[in-house]
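Please open the model in a viewer and follow the selections below in order.

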Amino acid sequence: MLNRVGLMVRGLAAVLLVLVSARLAAAEEKRLPVPAVSIRAGELIRDDMITERAFAPNVLGVSMFIEARQMLVGRMARRALLPGQPIPTNSVEEPWTVARGAMVKVVVEDSGLSIVTYGAAMQQGAPGALIPVRNSDTGVIIRGIVQPDGTVKVVDGS
């Protein structure tokens, strides 16, 4: 009888150990936002395109991945994002306000004087990006900062 009780206690201890191990393993999992569908480069990311998935810490390695859904929604994919795969931080960016080749309003302001002209953007840019613009009248390339309204404000020294 004593031997049978000992076996039962050992069995219960083994079951408890397995349950505790499983619970600890689940606690170590990391939940990350992942694409629910394929997202093409240049596509704006919507909330319905994102889901969450659990990853074991050893699967993630040393790469930096986006950890919150709100960091994705409204941003643009820089490269194709595959369903179910974690999203590296350098794979998304702010959406472009200015497209390459687009005609943009160029504003120069100095000491209360404001000069407005137009030019062709030589590269795309989001608000705050420094981009080159070719002046339509002179052909001179100037550099300016993209504004939220799509104009380009010339920086000092350009």
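Begin by selecting Asp149: its side chain makes a polar contact with the side chain of Thr151 at 2.8 Å. A polar contact is a pair of N or O atoms within 3.5 Å; within protein, one must be able to donate a hydrogen and the other to accept it, and residues adjacent in sequence count only if both atoms are side-chain atoms.

This is a predicted model, in which local features need pLDDT of at least 70 and side-chain atom pairs count only at pLDDT 80 or more, whereas totals for chains, interfaces and linings use all residues. Residues are numbered from 1 along each chain as its sequence is written, and side-chain values use heavy atoms, with hydrogens and water left out.

Remain at Asp149, which occupies the loop between strand S8 (141-146) and strand S9 (152-154). Asp149 is exposed, with a relative accessible area of 60% (exposed means over 50%, buried under 20%, partly exposed in between, with a 1.4 Å probe and protein chains only). Next, display the C-alpha atom of Lys105, which is separated by 9.9 Å from that of Asp149, 44 residues apart along the chain.

Now select Thr117 in strand S6 (residues 113-121); strands (E, at least two residues) are DSSP runs, numbered from the N terminus. Thr117 is buried, at 18% relative accessible area. Its contacts (heavy atoms within 4.5 Å) include Lys105 and Asn135. The side chains of Thr117 and Asp137 make a polar contact at 3.5 Å.

Finally, move to Asn135 in strand S7 (residues 130-135), which is buried at 15%. A polar atom of the Asn135 side chain lies 2.7 Å from the backbone nitrogen of Asp137.

Key. Helix = DSSP H or I, 4+ residues; strand = E, 2+ residues; numbered from the N terminus. Lists of a residue's contacts leave out its neighbours within four places in sequence.
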